[in-house]
Each structure stands twice: as C-alpha cells, then as structure tokens.
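User: I'm new to this one and would like to learn how to read its features. Can you walk me through it?

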4 protein chains.
Amino acid sequence: MGKIAILGATGYTGTELVRLLNDHPETEIVYVSSETYAGSKLSDIHPQFSEHEDLILSPMGTDQVPDNVDLAFCALPHGQSAGIVPGLLEKGCKVIDLSADFRLKKADLYNQWYEMEHPVPSLLEGAVYGLPELNRGDISTSRLVANPGCYPTSIILALAPLLKKKILKTATIIIDAKSGVSGAGRTPKQPFHFPDCTENFKAYRVACHQHIPEIEQELGLLAGETITITFTPHLVPMIRGILSTIYLKPAAGQNEEEIRAIYSYFYGECPFVRIMEGHALPETRFVRGSNYIDIALKEDRRTGRLIIISALDNLVKGAAGQAVQNMNIMLGLPEDTALRQLPF
Amino acid sequence: MGKIAILGATGYTGTELVRLLNDHPETEIVYVSSETYAGSKLSDIHPQFSEHEDLILSPMGTDQVPDNVDLAFCALPHGQSAGIVPGLLEKGCKVIDLSADFRLKKADLYNQWYEMEHPVPSLLEGAVYGLPELNRGDISTSRLVANPGCYPTSIILALAPLLKKKILKTATIIIDAKSGVSGAGRTPKQPFHFPDCTENFKAYRVACHQHIPEIEQELGLLAGETITITFTPHLVPMIRGILSTIYLKPAAGQNEEEIRAIYSYFYGECPFVRIMEGHALPETRFVRGSNYIDIALKEDRRTGRLIIISALDNLVKGAAGQAVQNMNIMLGLPEDTALRQLPF
Amino acid sequence: MGKIAILGATGYTGTELVRLLNDHPETEIVYVSSETYAGSKLSDIHPQFSEHEDLILSPMGTDQVPDNVDLAFCALPHGQSAGIVPGLLEKGCKVIDLSADFRLKKADLYNQWYEMEHPVPSLLEGAVYGLPELNRGDISTSRLVANPGCYPTSIILALAPLLKKKILKTATIIIDAKSGVSGAGRTPKQPFHFPDCTENFKAYRVACHQHIPEIEQELGLLAGETITITFTPHLVPMIRGILSTIYLKPAAGQNEEEIRAIYSYFYGECPFVRIMEGHALPETRFVRGSNYIDIALKEDRRTGRLIIISALDNLVKGAAGQAVQNMNIMLGLPEDTALRQLPF
Amino acid sequence: MGKIAILGATGYTGTELVRLLNDHPETEIVYVSSETYAGSKLSDIHPQFSEHEDLILSPMGTDQVPDNVDLAFCALPHGQSAGIVPGLLEKGCKVIDLSADFRLKKADLYNQWYEMEHPVPSLLEGAVYGLPELNRGDISTSRLVANPGCYPTSIILALAPLLKKKILKTATIIIDAKSGVSGAGRTPKQPFHFPDCTENFKAYRVACHQHIPEIEQELGLLAGETITITFTPHLVPMIRGILSTIYLKPAAGQNEEEIRAIYSYFYGECPFVRIMEGHALPETRFVRGSNYIDIALKEDRRTGRLIIISALDNLVKGAAGQAVQNMNIMLGLPEDTALRQLPF
C-alpha cells in the first residue's frame, strides 16, 4: 500500500483528492495538513468524510510529514508550495504539486506573471509537466511532477494533435474559456458570494490571466515554435466544469473528418480522452465528477475556421483526478486506478 | 422634495433603497455613507447605478449628514445603528432604522438574544414597530420607526387576523421558514460562498434564531397574551425571497373559507397584501422585486390543522420596500408611491 | 456475476442505477429498456455512459428480458410497473420495483391516492417494503421488494426509534419536507422549466401529497397504532437532495441527549445512517451522491418540542442507492457493496 | 393614451412587455392574446400581474383586435407572426414584431436559415430594423418595425462604431456569445429542464445559429461591404442576460483609448449605451432588468487583437425593452419613457 500525504487537505482540490483516494485499493492516506484548521478532524470541517474520523489535520510544515510517506500531494496556493516542496523531496518522497509553482520552465516568466520572485528556481528544470497523455514516460520516472492548471489542461489536450502534426496556423489561435466557481478556490470573496455570483456571467482577467504563459509554453513545445495566444476566461454560475471554445485556421483547409481521424488516432491509448462523433457536443455535465475530457471538432465552412470545444471537470481532470492519474503512473499502477467513476 | 439620507448604502438593503427611491417622484437622495467604501462613488461599487454618478460615499458618522435632511434610513448592522440613531434624531430628522436595534420593547430581551448590552434603551419605548398594515397611525406621527425583520414580516402578517380575532390555539403555532441568501447580508462568509451554498439546502439556528423574540412580542401584542413559538429558519439557494409555512390549530375548527373571508376583510385596504384564492399557492417568484406579500390558507382536514403559507421578497417587503412604505406614511405621501413596480 | 435488468433506464433513477452498478464487482447489467428511446444506445441518450456502448435500449415488455436475468429493477412510472412486474416474477427473476405500485398494503388506499384501480392487488401482501434498516430479514428472502419513496425514506428513518420505543405523542407529528427538482422526474414540464424553477421556492400538494398513506402505513406499523400526519412538501431549486424538518412532542419530555443515545443504539449496525452529534446539522451537500442519511435531533426547550432534521440524496438513499442496497441483501452480498462512494 | 395590443402575452417577452408597460404613463394595454391560454385571465397564468385582473386572454387572430388599437406588439414564434402582421397593418395600427420574420431583407436568406418559405416577402423591404441607436429616424416614421434579435443587439451595437469608421479588419471578427435560458422561450424542453440545465454549460448550434444572417446583414450595412462572421452561442445556467465576447483586429493598430473615445462620441446621445471606463468589465447582473447595454473595450497587446465585451438583459434591451423604446419613438414620446428602472 502506497502511503500518501496531502498538504492542504481542506481546500477544494484537497478534499477532491481525499474523495478519489477513498476508492483507491493500492494507497492509503496517512497524513493530512491544513493551515487554517490544524488540530481539527478532517470530518469536522467536511462532514461528508465521517468515515475518515481518524484523519487529524496537522499544521503545515514538512517536519510533521511521516518519514515513510511514498508520495505527497501539495494542494497549496502558489508561492506556498515552493517553500515546502524542497523539504519533501529531501525526505525522499515523490511529490505532485498542484500549484503553479513548478509548471513554468523559466523563472522570469513566473516572476512576471505571478508577481513574486520564485523561491527555488533550481528545481524548475527537473520538474515534469504532469499531462499524462503527452508526458507519460517522463512522469513515470519523475520525483517532482507539476500538475497542470485546469484551463491549460482543457486547452493543451484540445490542440496537441494539430500542433504535433503542424496543420494549423498558430497565429490564429483564440481561446474563449468558461469555468465554474470552484476554480477560484474555497476562500470566501465578494465576487463569489452567492448573491453576487449566481444569476450572473462575466469575463475576468481579459488577456492577462496567469495561465497564459503555461499554455503558451506547452503549446510551443508541441509545435516546436513560439506560440502567442489570445485567452479570455469567464465565470459560469455553477460549481464545477470548464468548457473551452477554441478558434483557429487549419494550415491547409483540412476538414472536420480528417482532423477528427487524427485526434482519434492520437488519443487512441488514452482512457480519459473522448473525441465526440457526429453532431455531438460536449457539455460540462457529461464529465462532472469524472476524469474525462470530451473534445469536439467543428468546421465553420463559411469562414474556413475550425472550432474546437473541450469540456472537463476542473476539480478532477483539471486538478485532483489528473494528480491521481500522475500518482498511478509514478507508483507503477494502472493509470486509471480509482478513476473509473462515471460522470455524475 | 423630501431630502433623504441612507447610512450603509452599499449593503443589499442599502442598494435596494437606492433602487426604489430612484423611481420616487417626491424625494431625492442627498447623502449616502459607507464604512468600507468611504470616498468612492456609489456607482464604482455598484455599476448598475451609473446614472447616480454624483453620489459619493461619506464615512459613517452623523456629523457629515446634511442639516436639511428630512429622513434618514439606517441600513447598518445591529449594534452600530443604536450608536448613530440618537445623533440623527438630535439633528431633527426622522429616522427609519432597518436593523434590529429598536424593534424589541424590552432591553433585556435584546441583551439576551443579541448578546450585547443595548446602547440606548431609553429610546426603545418611543420607537414604533414599522408594520404599516398594523400600525399605520402610529407610524404617521413617529420620529423613529423600527423597520421589521424579514422573517417577522412574513409571519406576523400571516397570523395577525387570526390573533386579533382570537380564533387559534396559540400554543400550537409552529413556523418553518425558508429564506434566500441575500438575507444573510453582503459580507462574504464560508456558508454563502457559491460552491458551498448552491445545490445545497439546510436548516440553521434551529430554535434559537434572534428573530424569535421580535415575532413573539408582536404576536403577543396582537393576541393580548404571551405567545411562545417554535421557529426553524432554512437557507434556500436563491438570491431573494422568503416563504414561511405556518402550522396551527384553529380554536373552533373554522374552515378554510371562513378564515379566508376574515383575512380578505382584514387586509381590504392594504395594497400590498394579496390573499390567494382557491388552489393557488404562493411562490417567491410571484413577489420577486415587489412589495407584495402573498398569503394562502390551507386546511389539513385529516388532522384539523390550518397551514398558512406566505411569500415576500426579503429585500423589498422584508426590508427596503417596507422602509419606503413607512417613509411615505411618515412624510404624508400616498403609501404606495414608488412601490408599484410589478414582480420581476 | 448476478445478471441485472433495468426497465426504464433513461430516467433519473434508471441512470443512477447504471452509475452505481458500474462500480459493482458482483453484478453486470445485461438488459436495459426505454419506451421513449427504444433502439438507441444508452450512451447516445446519456453521453456520460460512453464506456457502456454495448447497452442498447430495448422496448418495454417482459418478453424481451433475457431468461437468465437474476434480478430486475423497475424504474417506471406508477401504474406502468404493476403491469410488468407479474411477467417478470413469472420468468423467475427477483424484482425491485422503484415505483409506488407495491408499497401500500391496502389496494383501496392506492386507488384513492393514485386515482386509479390497482392492476394486481393480489401481489400487494407478498411485497416487502424495502427499507433495509427496518426490514433486512424480510428483504433477504423476498422475491418482490417495493423500494420506498424518497420522502418516506427521509421521514420513516427519522422517526423509527421514537415510534418503536413509544416515546412520542404521535398526534403531534408535523413534517415540513423540501426536495430538489430531480424528484419530479426527467420529463420536461412548466414548473421545472429552468427560468420558472431557479430562483424560486414554493410548497406544493399541501396536505394532499400521494406519499402520505405510505408514510402513515409504515409509521403505524412501527408504532402499533394508527398514525395521521401533517405533511407539506416544498420544491428547492437544486438538482438533488431532500431535507425533512419534523416537529413533535416527546411523550415524557425526554431530552435531546437521551433521545440521541436511543438513535445511536438503534442504528448501531446500519452503515448508512449517521446520527449527528453536538451542534452539527445536516445539509444536503454532505450526502450528495452517497447512500447516507444524516439525522439531527434538536430540543426546542422553550416549547418542549423535539425537532428532527434528516437529509439524504433523493436519487441514492431515496431511490437507486437504496435499491442497490436491497439488491445486495437479496443476492446475499455485503449490504454496502458498490455503495461506499463518498459524498460529492 | 396610446392603446396597445400584445399578441402572445404569456411567453417571456410578452410578460416582460406587460411588466414594462405597467409603468408607462402614456399608454394602456387594451388587448392581450394567447393561443394556449385563451379565455383565462392573464393574472391566473402569471399571478404576479394580479393588479391587472381585467386582462383576459383572447384567442389568436386579428379579427379580435380592437379597431382603436394604436400599436400592436407581436411576441409570437417566427412563422406565426408573418401570418398575422398583414392583418394588423390593414387595421391601421402600427406594428412592432419581436419575431425574426421581418428582420432579413432577403426572403431567400430567411427561407434558408429558418427552413420555411417566407409567407409575405413583399413586406420585407418596408420593414425597419428596430435598433434605435442606429435607425432612430426610420423607426419614427415606420409602420412596421422588426425588433432585433437578442444576440444581434448585443453584437451590432458592440461593433457599429468600428464598422462605420472602417477601422477594423472585417474578416477577423469572431463572436463567442453566452445567453441565459429565458432566451430559449417558455415552452418546456429537455435541455432546459432544471436538472439537465443547472450546473451545466455548453455550446449549441455552433457556426449554424439562425441569428448569423441577421448579424451579417446589419454589420454589412454599417460597413458598406459583405461581412462573414464566426459565431458560437453558449447556454449559461441563469435566467437572464447575454454576454458577447468579440475578437477582431483593428485596421491600423488603434489602441484601446482611441477606440473608446470613438465609442463614447458615437453613443453620446444614446441613453441606454454605457461605455465602460478603465478596468471595469461588464457583468450581466449590472444590466439585469434594465434597458442598458454595457460595452467594454480591451486591447490584447501581445497579439494586437481588440476584445469587445458587451452585456445586456436579453428580455429587456434584447427584446421587450427595445420594443418599448421603438414604441416610444413611433408614438413621438421621449425614447426612455418607462425604461428608467435601474438594474435589479
């Protein structure tokens, strides 16, 4: 049984890790921590976990993490993770970091977009970007995996086959993305206060969201060239789900069917990527609570554009589910262990 | 033109006052204040008010209220209102207080249920409980009106005719009430954070809600005897609306039709009370954004109980609308001025 | 491997059965039917089930059900079930009926409350009311189990210990219940059209809901006397969840702690009943997607009443989850097989 | 007092017309019709209108429309309107049609996108496209006004100044639009059934929505050239509101401030268009229930694109409010009469 630690277990991604690992036959949670609720039972903060009465929240800090932990998930805010990960690695455990701290290869991009100096830039190069569909091999041998952002996952998987095959005009990429509110985290703030948030729709951080460099880095690696995108995130009054609508021009006017065949082949061995057929379109409810990402391809014949639409659950494939998928790979387990729950 | 001040103009009841007074032909808002946003334009905090660019938020404190103000609304948290109202009265303006500070006649009840010493108990006796359907005369000559709570309004109006006529067994009253989230105010807190609040239903402050003594006081005055109630509030994942379901036994088994006739007569001259006929039942959407309260009477023949259901908009008839109704009466204007907007 | 048929697989309870059985190690679904979508793949109607591409929807009718089916779930509207169940029993398979058709022992009560003649009254006596916490023994040997209604489950389990112990005044029971919208089924109707349903709260079928005789029958069996209740259901703008608030007077003024001890003992061996401790109160989100029922007991000291609050997921413990729990018992499997998913 | 008829008074746009005209000092509703509810009181179908007990719903058909009607609103489905409008015009009353039947100048485009033969193509040329900000003069003298679609209003007003000034590359226009559910009308259908619709987000009619030719026609008239757009509509789980996010490249790299100045000047005399300043962004709640359209302009410096975001209430500025605005102009009244209600 793999021994697992979860740092930051009371936030939305932390609790989703607990939920998913509850069904995992090959691991057990031996340590949970929380800055805010240290000393409490996890089940007092989240009564749905009443079966796990034994899980007591430790204060943050690596010294309390048991020495026999095999793998630690860091579900902490960016900046905070980078301070803790080095200590975890020194203890000898593998680490999956769900923050943004180890996703960017270049520290100066981090400094610019996150508006702080990266605490341990020396670790950046060795960290593996944890998108299993693209980097399975590297993940399997890595000791530090940077779990991708929710928006980036929905976008990179939607574009990877086209970029790899070099059959799109990369300067034409425009991404209009929409996220449920859990993506903003569990801390109460005015824009997410129920009466201000429900029955409302808005764009935010237009053309300046911090996920832009992460998306551009990974798209660029796939394409073998520098990619610059337009990216607009929006807030949807629902708990879970991201739907990204992506606009671009194919390089040589390839049609929908040709491109769909490329995608189906590209993701043939990937259990969580579903390429939609015919007129079917993704809806966030079709992936709710599951580790699937659904992708549809639609040709706009009147303008020659291709419209790609992807949907995932931001807390599962966009965070905790993908992290468990990475864990499975790092521990040599079947990639889909504990991730076969159907959408809800 | 009546000159109006609103203290606490950025909370939900404060902004609702601005919205309603915008349509009022006989008053103008000359002063708005906010502790949090002092110095800002109201329209910067609430962009829907872009037409009122001239309204600059003052810091709290009576010294800044212009001397020519005719009437001030205090839309402040309880405790805070009581500190400011005496200064306003000294200035010579009339006051409608929307907090709980002047609703209870007995300071010791206030001290017990609000867990603080009342700052100015001497003002309690002179304050008029601002339920126009019951106290129109006293309101018209009052200088300090205590605007009723949202739950109490929905309950007292639903029971008043029975109590006045002494045709119910008062010991049998049970009130199961349900409120939208705006009733909890505009300050972000964990239970009202969108992902924790939507797709959820719960009871809270079971048998210990601070509106209990206010309800019992007013029911007792109507009945001419001490009334003790069971009261359970619940939180509904919607912005606005209160629906109260009230259970009781009529004193002599009066039937639905007899009681409905009593209600229709009792509220014959009240433009905002609608007694529902036949099988029709209240829904909060039928009163949304309006100053109506809808009341239905249903006999449970199998048990001999009467079930009364009332619905109102907690921010309008349950707060700002009722306050404007009180203002109209205090200023000698038609009671329904600026309150004829239809449900939304 | 138990071979399972699901009749009515495209409605909300049918799809929930598919979702839950997907995780079941000892059964396989061999047959699904649908009147509306006969001939289609289940995964074309419900894309979340893309893994089950092989499930083709049969037209309704027992002749198409394979002979080797061990157990059939009928997730059909009332009236329709009663026409099909006899044929299933003749085939030799066990049946769990999720409609109301076999819950009432007396055909005349059925005729009165469901406004139609019961098609096969002779089967009523032999059917077992499938509430495992109360009838586990009878369920284990039954060939026809009537799966309880969602409201009745939330109410009967909340009252059973008091009734068995005869420590309440049965004439004082008042039940104010609130349900999410999935309880109304999957067929589109005006009251459940999104813009008419969201941001709204209402009572419906006040004192005349068809679950009343079912509740009274089971409460009466527990108490050994005739029970008559007041029951008011309400509609909450959320997908899943029932919260019932129950008012009553204990027979001899027993206090909260004494009664809580009785409940904890009574349900000591029941894995899905959680008695809440201290000040904790149920919320529907704490049971969402799970087979739990949470029950809290609150004394209203001022009036001597006891307030019991229960919460469950109407599609799981209130329907499909309870049906799987019954199936497990009927097939001699551990009662909680495939039902250990944590709340979502 | 202008005498007004509303054909199709029970749908969402019809009831919104009743709500808005209730506050109108210069008109009175003398006739309402409904195919479904003919013979009923309007207030029995929509209890919020209890004050208008005298409004009885007539069956559809022009013969029942009183001869003294000055102006008729047709709030009927497309196809149905075109059959009724000629009879209304013959009666001598002015007509504002809220369907799509008179918006397109070319009958063959109508036939293609609405998949039916236009019943009265001869009326198309004379109908005026009712966007007051652009066509005020023609509207004032027109007898038949085609009220614009909700999406088109949000898009045409957002692009008009750029097109008129010819400072954008028209081939680069991409429109990603999001609408609340009331835009789909009041008839219950599976995708809008509450449990299927809430907690969900999706695109629909990708690159084939019937509003495309209307948008292209009006943009083309403004630009003086043929315009072809990419347009993707999405469904947001909220009642009201449209937010359109529009991507394009300015012709000569004009910056945000220059373009904002052009917009502010262009709409200087338009009371319902608000150009947002600085970092402010539209949210649908800032226009909810009002006739405003909010427009923000954001430069994406990294790619040279301009992002325009507009928000309106689809039932007000996107339908009934704009219709009342047109009515005011046609009847020679101040354009904003009865439209000054603040956002809700």
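User: Are A:Lys202 and D:Glu283 buried or exposed?

Analyst: First, some ground rules: this is a predicted model, where local features need pLDDT of at least 70 and side-chain atom pairs count only at pLDDT 80 or more, while totals for chains, interfaces and linings use all residues. Residues are numbered from 1 along each chain as its sequence is written, chains are lettered from A and ligands numbered from 1 in the order in which they are written, and side-chain values use heavy atoms, with hydrogens and water left out. Buried means under 20% relative accessible area, exposed over 50%, and partly exposed in between (1.4 Å probe, protein chains only). Here A:Lys202 is buried, and D:Glu283 is too.

User: What does A:Lys202 form with D:Glu283?

Analyst: A salt bridge, that is, a side-chain nitrogen of Lys or Arg within 4 Å of a carboxyl oxygen of Asp or Glu. In this pair the closest N and O atoms are 3.8 Å apart. The pair crosses between chains, from strand β9 (residues 202-203) of chain A to the loop between β12 (273-275) and β13 (293-300) of chain D. Helices (H or I, at least four residues) and strands (E, at least two) are DSSP runs, numbered from the N terminus.

User: How many salt bridges are there over all chains?

Analyst: The count comes to 80. Some link up: A:Glu16, A:Arg19, A:Arg240 and A:Asp313 form a network of salt bridges.

User: Where do B:Glu16 and B:Arg19 lie?

Analyst: Both are in helix α1 (residues 12-21) of chain B, 3 residues apart, about one turn of the helix. B:Glu16 counts as buried because its relative accessibility is 3%, and B:Arg19 is buried at 5%.

User: Which residue forms a salt bridge with B:Lys91?

Analyst: B:Asp67, with the closest N and O atoms 3.0 Å apart. This pair links distant parts of the chain, 24 residues apart: B:Lys91 sits in helix α3 (residues 80-91) of chain B, and B:Asp67 in the loop between β3 (57-58) and β4 (71-74). B:Lys91 is partly exposed at 26% relative accessible area, whereas B:Asp67 counts as exposed at 65%.

User: What is the order of the strands in the open sheet of chain C?

Analyst: Two strands pair if DSSP finds at least two bridges between them. The sheet has 7 strands in the order β3-β2-β1-β4-β5-β7-β6, with parallel pairing. At the edges, β3 (57-58) and β6 (128-129) of chain C each have a single partner strand, so one side of each is left without a neighbour in the sheet. Inside chain C, 4 bridges join β4 (residues 71-74) to β5 (residues 94-97), and C:Ala72 stands opposite C:Val95 in β5(C).
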